[in-house]
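Here's a quick briefing for anyone meeting this structure for the very first time. Take a look at the sequence and the model, then read on.

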Amino acid sequence: MKIQFKLYPNPARNILYLETTGKIKKLEVYNIAGQIIKQKIVFKNHTSVKISDLKKGLYFLKITDNKGDCSFIKFIKQ
């Protein structure tokens, strides 16, 4: 099942905020080459991800919930 979530702001400069209807278990940020560049373990339905250390460009955020379902969303780092 696809995870229902809201990611904002997008594009972003420093921090991404994420809200979901269920509990988030893990977040992973991937570059466009498919390499994991950040991971965060979470057990909430809202969180933030610091992205100020990333270079400007396109990235993908993988969201995994506590049931093991996952979704991807792309975001732009300004």
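How many residues lie between S1 and S2 in their hairpin? There are six residues between those two strands. Keep in mind that this is a predicted model. The chain has five strands and zero helices, so the run of elements from the N terminus reads β-β-β-β-β.

**Overall build**

- The chain has 78 residues and a radius of gyration of 12 Å, which agrees with the value near 12 Å for a compact globule of that length.
- Along its principal axes, the C-alpha trace spans about 30 × 20 × 20 Å.
- Buried residues make up 33% of the 78 in the chain.
- The accessible surface comes to about 5,100 Å², and carbon and sulfur atoms hold 52% of that.
- Among contacts with a separation of 6 or more, 47% are between residues 24 or more positions apart.

- Strand S1 covers residues 5-8 and pairs with S2 in the antiparallel sense, over four bridges.
- Within this part of the model, Leu-7 stands opposite Leu-18 in S2.

**The nonpolar core**

- The largest nonpolar core has 16 residues, and those with the most contacts inside it are Leu-16, Leu-27, Val-29, Ile-51, Leu-61, Ile-63 and Phe-75.
- At least two core residues come from each of S2, strand S3 (36-50) and strand S4 (57-65).
- S2 gives the most to this core, with five residues.
- Leu-16 is worth a click: leaving out residues up to four places away in sequence, Leu-16 touches Leu-7, Tyr-8, Pro-9, Thr-47, Ser-48, Val-49, Ile-51 and Phe-75.

**Aromatic pairs**

- The structure holds three aromatic pairs, and two of them are described here.
- Tyr-8 and Tyr-17 form a stacked pair, with 5.7 Å centre to centre and 25° between the planes.
- Tyr-30 and Phe-72 form a tilted pair, at 6.1 Å centre to centre and 50° between the planes.
- This second pair links distant parts of the chain, because Tyr-30 sits in strand S2 (residues 15-30) and Phe-72 in strand S5 (residues 70-77), 42 residues apart.
- Is Tyr-30 buried or exposed? Tyr-30 counts as buried because its relative accessibility is 14%, and the cut-off for buried is under 20%.

Terms used: Residues are numbered from 1 along each chain as its sequence is written. This is a predicted model: local features need pLDDT of at least 70, side-chain atom pairs count only at pLDDT 80 or more; totals for chains, interfaces and linings use all residues. Side-chain values use heavy atoms; hydrogens and water are left out. Rings of Phe, Tyr and Trp (its six-membered ring) pair if their centres lie within 6.5 Å; planes under 30 degrees apart count as stacked, over 60 as edge-to-face and the rest as tilted. Buried means under 20% relative accessible area, exposed over 50%, partly exposed in between (1.4 Å probe, protein chains only). A nonpolar core is a set of buried Ala, Val, Leu, Ile, Met, Phe, Trp, Tyr and Cys residues joined through side-chain atoms within 4.5 Å. Contact means heavy atoms within 4.5 Å. Two strands pair if DSSP finds at least two bridges between them. The radius of gyration is taken over C-alpha atoms; the globule rule is 2.2 Å times the number of residues to the power 0.38. Accessible areas come from the Shrake-Rupley method with a 1.4 Å probe; for residues, only the protein chains shown count as cover.
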